[in-house]
Amino acid sequence: MDSRLNRSDPTWRKLSRSSLPLIAIGGARGVDHKPAIRLTMLLVCLLLAVPPTLSQDSPSAGCAAEELLRQQQTVAEFLPLDFAADHAQAIANLYRLGALYQSMALYCDYQPNAVEVNALLERALEYVSLDELIAAQSVGRDIDAIMTELDEVYGDPLAGQQLYNGAQPALGGVMLGCSGCHENVASAPLTAGTWTRADETRLSLPQFADYDVRRYLVESIVQPSAYLAPDYDDIMPDFYAGQLTTQQLADLVAYLESQDQLLDDV
Ligand code: HEC
């Protein structure tokens, strides 16, 4: 795989605008990078994860340099990056640190400029390919693992709606366009009423005895062929597990959970 990406490639531009925390690159190849490089990777994560449209209040006193340094040292202490001792744990900690630093940046009104983002992205791609980066960020297909992760993530229905309608890109800059199928009842179950339909119709089936609505929706998205809604063909794309971060999946689910009108045709 070519780890270099041409700057004029549209994927580059979309990627550098999309929220792609690049935190995984430390572990993606099993390389124990030097601390300075790890720090860069954390920064990359932090920079790219800041949504460009976010509007924030003015920075608070908690954003003073000493206070930020103290906070960083505290979280870093609890999340050691000892790749030699426990590789998997170190990667997990790297992710968590990235997420925490990201929250701190958001709170402190930090917005990276395009030049910074591009420079860091370029540096990150020296270590790992774009495909690997995207794969490392995606939710995958393991429903139990996803449900555990979702417990810790707050889904934003508005962000979910934008992903669903193709107004905002998912991982790697792709537009999902779920609404393209789900607005026409002839091609797919309607978006409106999804929650009610899942709760009252799907979950009454014996194979979903252990499910709640959220689990049903998650499975429908990352493993669409696991269950086929009656009267529909198996046409829903099977690749979303590789195109969504946990946050994006949480957002989509939150949006679908808000679609709770009762419908006649279910
Ligand atoms: C090419 C058309 C198509 C696209 C694009 C598509 N879907 Fe679907 N979807 C379907 C069809 C057809 C079904 C019903 C058959 C089945 O259960 O797989 C379905 C089923 C579902 C269900 C279960 C609904 C129910 O009533 O049980 C959910 C939830 C869902 N899709 C969400 C999504 C999301 C979220 C996206 C975008 C990330 C998406 N779909 C993209 C065609 C599509």
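Colleague: How many residues surround the ligand, and which are the closest?

Modeller: This is a predicted model, in which local features need pLDDT of at least 70 and side-chain atom pairs count only at pLDDT 80 or more, while totals for chains, interfaces and linings use all residues. Residues are numbered from 1 along each chain as its sequence is written. The ligand is surrounded by 28 residues, the closest being Cys178, Cys181, Ala188, Pro189 and Met236; a residue counts as near if its C-beta atom, placed from the backbone, lies within 6 Å of the molecule. Two or more shell residues come from each of α10 (179-182), α11 (194-201), α12 (213-222) and α13 (246-257).

Colleague: How do you know the class of the residues in the shell around the ligand?

Modeller: Ala, Val, Leu, Ile, Met, Phe, Trp, Tyr, Cys and Pro count as nonpolar, Asp, Glu, Lys and Arg as charged, and the others, Gly among them, as polar. On that basis the shell holds 20 nonpolar, five polar and three charged residues.

Colleague: What makes up the secondary structure of the chain?

Modeller: There are 13 helices and zero strands, where helices (H or I, at least four residues) and strands (E, at least two) are DSSP runs numbered from the N terminus.

Colleague: What makes α12 and α13 oblique to each other?

Modeller: Their packing angle is about 120 degrees, with the axes 10 Å apart. Axes are lines fitted to C-alpha atoms, for helices over the stretch in contact, and angles run from 0 to 180 degrees between N-to-C directions. Angles under 35 degrees count as roughly parallel, over 145 as roughly antiparallel, 65 to 115 as roughly perpendicular and the rest as oblique; α12 and α13 are therefore oblique.

Colleague: Which residues of α12 and α13 make the contact?

Modeller: Val213, Arg214, Leu217, Val218 and Ile221 of α12 meet Leu249, Leu252, Val253, Leu256 and Glu257 of α13, a contact being two C-beta atoms, placed from the backbone, within 7 Å. Eight of the residues in this contact are nonpolar, no residue is polar and two are charged.

Colleague: Why is α11 called roughly perpendicular to α12?

Modeller: The two helices pack at about 110 degrees, with their axes 9 Å apart. That angle lies in the range of 65 to 115, so α11 is roughly perpendicular to α12. The contact joins Trp195, Ala198 and Asp199 of α11 to Val213, Tyr216 and Leu217 of α12. By class, the residues of this contact are five nonpolar, no polar and one charged.
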